[in-house]
Amino acid sequence: MITFLLNQTLKRETNISPNMTVLNYLRTELHKTGTKEGCGSGDCGACTVVLGELVDGKLQYRSVNSCLTFVSSLHGKQLITVEDLKNKQSLHPVQQALVDFHGSQCGYCTPGFIMSMFALSKNKPSADKEDVMESLAGNLCRCTGYRPIVDAALSLSSDQPLLDQFAELEQQTTAKLEKIESKTAPLVLGNLTSFSPTTTDELAELYERHPKAKLVAGGTDLALEVTQFHREIETLINVTGVADMKTIRETEQDIVIGANMPLSDCYATLAKYYPDFGHLLHRFASLQVRNQGTIGGNVANASPIGDTPPLLIALNARLKLRKGQQVREVQIDEYFINYKVTVQQESEFIEQIIIPKPDDLENNNDQQFFSAYKLSKRIDDDISAVCGAFNFTIENDVVVDARVAFGGMAATPKRADLCEKALIGKAWDKATVEAAMVKLAEDFEPLSDFRASKEYRSKTACNMLLRFFLEQQTKVMSQQNSNNFKQHSIETRVTSYV
Ligand SMILES: Cc1cc2nc3c(=O)[nH]c(=O)nc-3n(C[C@H](O)[C@H](O)[C@H](O)COP(=O)(O)OP(=O)(O)OC[C@H]3O[C@@H](n4cnc5c(N)ncnc54)[C@H](O)[C@@H]3O)c2cc1C
Ligand code: FES
Ligand code: FES
């Protein structure tokens, strides 16, 4: 059973297919056809809806793609669709702005844009152009063009929160959501079942009892099996309600991230220690996908072109895996075995991702450098052709340690072993880098596909290493010149794209 608020109305559903997406539920069950289907795969944003959720007792709104969201994810949340924005006879300020700025022609994309703008107006009332671009990057418009839409969104920017009907009803909404029990019975229809555990213990026990079940977190990979490949998933275990896997905390040495953390929520902590990780997350899919997709899902999906694995490998991250009561830790570079094959056993799942903090180099002459580069055909909402990550320790111009990892270069995200060997213990200069580039080309036999040819992949991976070297040198020189040379700092740079 799922219980949620459809705007302000409490809904209980028992007789819905657990494989149904929120988009299909809205359109075919509720006959609310304002929410549109464009691609059915998270790429166009036409199906954007907003989910209200209590986070630490406070109501938080997020835009998500309803075409990728299974109905079971609605449990305990408020679902707001484009039909809910009009207040009596008045358009919502976001809708009015789009009218005033002529931001709609055929109108097919418009409900999706409206919902992204609505979420932005709730989360960042004083949004600037960058915020607007970020929030709309997952919405495609084929006929109006983006300028009037961006202008409409910017016109709403204000230093005051938006006082609309949702703000007026906030206390009431919070009280209604608080009343929904987080524990709920499974959603069952025919041979299809979806469980919604609320603790890690419960999840571990359920997964042992149903080893063939599929775990679903954000669903931004898994839902495609249903929407694109028309497969039926008999047993789903929806992990989004497992609160103890939706945390991020720091120890003296590590950043410990629960596998369920949406990528949007990983940003602040990762960007603080590793700014390039933050830049990469900005380039990861779209805001709707990042609001939903989790870091655990990205790792467990084991795609050779997943964006976080190369960075996690370079940073020497570990995974805490759990099966029943048994817990083990594995180095992330040992997790991926072959194409989409991992060391995870039946009924085992990722509980945490543990990332070492930058080395404390206070008492020696080492410098740690971390950079990451994502190559894709466009800056937003595009999967990598190649993603490279470099984590080096340099002492007195000698490479003391080098971890080099790539996605898009092999069947799994993978370290460049020969390249690393050609670097460690050598002078950190151009001759070493050029020799390591030769080895790097030997490390991988990439494939050609529609994203990039094998020759392009190989060449650009080598050039990323050269770029890392040149940028790091420039940075160090400029630090020396400004007499502001910090011997124990982490140097990072903006993730690039072509
Ligand atoms: C439009 C679009 C753009 C995208 N762009 C990018 C991109 O730029 N970069 C990128 O890397 N990816 C991208 N993706 C892929 C996807 O968004 C990410 O891989 C995301 O992190 C998956 O997380 P999720 O929570 O949605 O996983 P889900 O879809 O819920 O699950 C993915 C897999 O992981 C398993 N799983 C989930 N949680 C666990 C767990 N705790 N333990 C064990 N197994 C688990 C599931 O069973 C499933 O097999 C994109 C997807 C879409 C639709
Ligand atoms: S229909 Fe295109 S993103 Fe959902
Ligand atoms: S108005 Fe036609 S697709 Fe945007």
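This is a predicted model: local features need pLDDT of at least 70, side-chain atom pairs count only at pLDDT 80 or more; totals for chains, interfaces and linings use all residues.
Residues are numbered from 1 along each chain as its sequence is written, chains are lettered from A and ligands numbered from 1 in the order in which they are written, and side-chain values use heavy atoms, leaving out hydrogens and water.

An oxygen atom of ligand 1 lies 2.5 Å from a polar backbone atom of leucine 215, and an oxygen atom of the ligand is 2.7 Å from a polar backbone atom of aspartate 307. For lysine 374, an N or O atom of the side chain is 3.1 Å from a ligand oxygen. The protein buries 94% of the 990 Å² that ligand 1 exposes when taken alone (Shrake-Rupley method, 1.4 Å probe).

Strand β18 (residues 386–395) has nine of its ten residues buried, that is, under 20% relative accessible area with a 1.4 Å probe, protein chains only. Strands are DSSP runs of E with at least two residues, numbered from the N terminus, and two of them pair if DSSP finds at least two bridges between them.

Ten bridges join β18 to β17 (residues 366–375) in the antiparallel sense, with asparagine 391 as the bridge partner of phenylalanine 370. Nine bridges link β18 to the antiparallel strand β19 (residues 398–407).

Technical notes
A polar contact is a pair of N or O atoms within 3.5 Å; within protein, one must be able to donate a hydrogen and the other to accept it, and residues adjacent in sequence count only if both atoms are side-chain atoms. Buried means under 20% relative accessible area, exposed over 50%, partly exposed in between (1.4 Å probe, protein chains only). Helices (H or I, at least four residues) and strands (E, at least two) are DSSP runs, numbered from the N terminus.
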